[in-house]
There are 4 protein chains.
Amino acid sequence: MSERIGFIGLGNMGQAMAGGLLKAAYTLTVYNRTTSKAEALTAKGAQLAHQPSEAVRTGGIVVSMVANDQALEDIVMSQGFLERLGQNGIHLSMSTVSPFTARKLAELHAQHGSIYLAAPVFGRPDAAAAQKLWICLAGPQAGKERVRPVLEAMGQGIFDFGDDPGAANIVKLCGNFLIVSAMEAMAEALTLAEKSGLDRSAVLDMLAQTMFAAPIYQNYGKMIAEKRHTPVGFQQKLGLKDINLVREAAEYATMPMPLVSLMHDRLIAGVAKGRGEMDWSALSLDVLENAGLELP
Amino acid sequence: MSERIGFIGLGNMGQAMAGGLLKAAYTLTVYNRTTSKAEALTAKGAQLAHQPSEAVRTGGIVVSMVANDQALEDIVMSQGFLERLGQNGIHLSMSTVSPFTARKLAELHAQHGSIYLAAPVFGRPDAAAAQKLWICLAGPQAGKERVRPVLEAMGQGIFDFGDDPGAANIVKLCGNFLIVSAMEAMAEALTLAEKSGLDRSAVLDMLAQTMFAAPIYQNYGKMIAEKRHTPVGFQQKLGLKDINLVREAAEYATMPMPLVSLMHDRLIAGVAKGRGEMDWSALSLDVLENAGLELP
Amino acid sequence: MSERIGFIGLGNMGQAMAGGLLKAAYTLTVYNRTTSKAEALTAKGAQLAHQPSEAVRTGGIVVSMVANDQALEDIVMSQGFLERLGQNGIHLSMSTVSPFTARKLAELHAQHGSIYLAAPVFGRPDAAAAQKLWICLAGPQAGKERVRPVLEAMGQGIFDFGDDPGAANIVKLCGNFLIVSAMEAMAEALTLAEKSGLDRSAVLDMLAQTMFAAPIYQNYGKMIAEKRHTPVGFQQKLGLKDINLVREAAEYATMPMPLVSLMHDRLIAGVAKGRGEMDWSALSLDVLENAGLELP
Amino acid sequence: MSERIGFIGLGNMGQAMAGGLLKAAYTLTVYNRTTSKAEALTAKGAQLAHQPSEAVRTGGIVVSMVANDQALEDIVMSQGFLERLGQNGIHLSMSTVSPFTARKLAELHAQHGSIYLAAPVFGRPDAAAAQKLWICLAGPQAGKERVRPVLEAMGQGIFDFGDDPGAANIVKLCGNFLIVSAMEAMAEALTLAEKSGLDRSAVLDMLAQTMFAAPIYQNYGKMIAEKRHTPVGFQQKLGLKDINLVREAAEYATMPMPLVSLMHDRLIAGVAKGRGEMDWSALSLDVLENAGLELP
């Protein structure tokens, strides 16, 4: 019979990822602060935990997928969590958090004899449901080998960045920064095209079929070309949170990142104008406004 | 027997493109200011013209591929060029120039009864040699139909942007802006990775195999990851020239393009520091310097 | 009896400056494209010219104060202007124009035996009326000595920047760039203060009475603190024009000026949003908007 | 006989300020982590404390002037400090710290029955020695009245920003941001002047005698014009610290501050290049480098 593992954090991403584990025949104990979000999974056989530590088995594997650093720290520090995970337990931490949080928590787990693995992912909820995430992995070697089948049940590719758990988070932050930069470039270019009398979609189509034939340009490009920013895959305020994590990492590394600064200012303007809960591709609306165009 | 067409401008790109026309069995008359660059083509049967107008036949097609707006204007204004091209002649202008130059020259040709078609291309010399360029086309419909087989002998895809010849140039400028922005994002991200203790190439490989699996990220990304900026595909000073064309278009369209401003400042810093003739991916060296890292 | 001099360009600044010359007992022949603007001066004894060359006397002094490079070139190239100014005539050019225009026109005058002096000014119309402008002067030494009394009738201080007429224009452009930068800094700081619960004017008053006790901070600061951008002393679109002249000079000097880029993008956003004819201190409104605040 | 007050933090600023209090006939008990820095003051009659709480008298006034938020928190949390300050004691906190730290500490003092007053200052050590600082004051009204004579012994002007202790810190941060922005504008402008063939000092002199006749432009301007960045009045790395406090305040206020972003990137580049302990006016060296000029 298959291994029982814990899964903490059942937002849009977490639910889809846990669903992938069920499909792969894992037995799950799931926890979410708001219990109702567990229903779809318990209906498929997952067991419900009423506090984080109930999802943990000593020497077992517990996966977490939560909104931010604070939520992750709250779980790790919750009563009984670290004690119960105990000797040889593995915490597979898949949230996008700061590399500094990852390193601090890794040390804390080590003090309790358990292993913290950083495994942040790229992909939206539909990719998670299709078990097609891209996963960045970092932490102690022994732990990484043991969780490989678990990760394979969630992703289509696993990239190992060595022992430092912070490394996987750095890669994740770099990736999000590249995405948001590509969106800015498209937003400015397509608005120039529009104000020069061209059709936004025609320009995007050409570029995204040729030199930029990659999902980021095709999918986000389409939203930006069409000025249509629903459904919300990833909120602009979460994009700002991630850019702030990049700023924190750049500060620690002592280097200027002017494009990061620009993206920060773009995203926070959107949040200031009340668009924080729109999809982050809606940063394009700020480009339109500054060009004197009507918003859709 | 095949049509005889003229080809003006035999730099790295022009030579490769003219070679493609010879392969497609076109008969060529070629012109270049420095005659020696025509040798490879005359050895394959092209006829040599000693001034631009000699490459032109009345009612025929003449292709041009030169370095900048001034060079293009010099050809068009050279003695006998417009007069000889005459009624129903087509000038297929494939250089990257300003949309304003394109519109001005289109009007001038029209006054002489000929057609100016804008057909700027994406692709490096090796893509040109392989007849795999991406071509943006704009201008009068009748002309576009007639040149289609000529373009098909040079490119793998032709994208029509309507009647306004300036439109094709806008798309070309947008594309170059997207490329340079992607290079900046990669340069900042990989330098953050390096200063955070990660391996530049490992990070690039992950991103360029997954969400950013497109040639721009793979090819330029490799140069930036490895800090190796040879061979020179496109000089940094030409990148600056193109960004200045984008600035000019944005000014005319009355809109801010802050990422364009950032890229301008990055490229001109490289030129100021003596790197204008390096490949434009060498903008990454400025990122390294500002992060306090040694240059390779 | 006093010398008769010509005065071309009777906008707000020109009228006030010409008024100063009348007060200093100069005899004036004035020209303006729109004749009605000359009325106040002709009422005080100035003679009206019906074309630029009528304001010119051979070997005499003609002052010009016009809106931009094109207007200045139009005057210089107008029929009879250079011919009539002739041997030893002096054109005292006080408009804010490009250093490149200044150098080009200086050469043109020299070819006709006359002298072009660049003498751009700092100060608003009220300072001009009070004969309290600050004047930057550059050009041939002999000419500068002869015009000194004329300049003293308009300004409270004359600063000599040598023989190169372009030099005075560079200084003028540097000054305008410093002004607009100070306005941006104040706009951002006071908006931070407001969003942090402080009173904008209290913060401005403290700073402008102490470390920044200079007219720029006091006068523009008051407009920005109070969000009151009338009367219009200098239009935002003219500020954009001047920043573009700085960009042109920086391009020629081959150097990045990131704060110039930022100010360009700020000003053109204001123009794009329809505020081009407001006072340039209204760049502050863009700061408010991006902070999510209501405009006054 | 005069009141005995405590003074904690004897860096360059603290020593000069404490010296002013001695001149004003206050009796002092001074504390500094490195005892040797107290010698000049004990030689003039100040009593030496061996830990922060020894400088505190119940119901008395204790002044602090330390390097950063952490140092200030360490003092407040040091053994016996808050307990000893007790009922009606006043902590006059003059360091440049975050408004959030100020608010947090104010609450902590209130819980112990004492008063925390924020009173950050503008001015270099020589201004402090001359009792000519500019002081921003905020906190409970009763406390402010009681400390007024103490502040008058240190400053030439006191500006009251109300009850919120964070308010005084916001003003201080705004002021430092305005200073650094003015330095950037001068650095860019004077480098443009230099590369355009003008003399840096001639340009600075003109501007700083006229529209920008304020100490910031005159003093820092001279350093920037002459490329001479000694003596070190305020280190570049401390400038970066303060800009990061501005970034923190802007994040909390939810607004973009693009000029703050630019200054952050400028200052951190200087620190990355090893110039963190130079005077912050040395940000100008980064402007020179990016313009391709040799450093002095």
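This report walks through a predicted model, from its confidence scores to its chain contacts and a few backbone details.

Residues are numbered from 1 along each chain as its sequence is written, while chains are lettered from A and ligands numbered from 1 in the order in which they are written. Because the model is predicted, local features need pLDDT of at least 70 and side-chain atom pairs count only at pLDDT 80 or more, whereas totals for chains, interfaces and linings use all residues.

**Confidence**

The model scores ipTM 0.96 and pTM 0.96. For chain A, the mean pLDDT is 96, and 100% of its residues reach 70 or more; pLDDT is the predictor's confidence in each residue, from 0 to 100.

**A sheet in chain C**

Let's start with chain C, where three strands form an open sheet of mixed pairing in the order β7-β8-β9. Helices (H or I, at least four residues) and strands (E, at least two) are DSSP runs, numbered from the N terminus, and two strands pair if DSSP finds at least two bridges between them. At the edges of the sheet are β7 (121–122) and β9 (155–160) of chain C, each pairing on one side only. Two bridges link β7(C) to β8 (residues 133–137) of chain C in the antiparallel sense, and C:Val121 stands opposite C:Ile135 of β8(C). Across β8 and β9 of chain C lies helix α7 (residues 141–152) of chain C, which runs at about 155° to β9(C). Axes here are lines fitted to C-alpha atoms, for helices over the stretch in contact, and angles run from 0 to 180 degrees between N-to-C directions.

**Chains A, B and D**

How many residues does each of chains B and A bring to their contact? Chain B brings 53 residues and chain A brings 53 residues; being in contact means that the C-beta atoms of two residues, placed from the backbone, lie within 7 Å. On the chain B side, α8(B) gives the most, with 17 residues. By class, that side has 39 nonpolar, ten polar and four charged residues. (Ala, Val, Leu, Ile, Met, Phe, Trp, Tyr, Cys and Pro count as nonpolar, Asp, Glu, Lys and Arg as charged, and the others, Gly among them, as polar.)

The same surface serves both copies, as 100% of the contact residues of chain B recur in chain A.

**Backbone details**

Most residues other than glycine have a negative phi, and most peptide bonds are trans. Here are some exceptions.

| Site | Angle | Location |
|---|---|---|
| B:Thr230 to B:Pro231, cis | omega near -5° | B:Pro231: loop between α10 and α11 of chain B |
| D:Thr230 to D:Pro231, cis | omega about -5° | D:Pro231: loop between α10 (215–226) and α11 (236–253) of chain D |
| A:Gln131, positive phi | phi near 60° | A:Gln131: loop between α6 (125–129) and β8 (133–137) of chain A |
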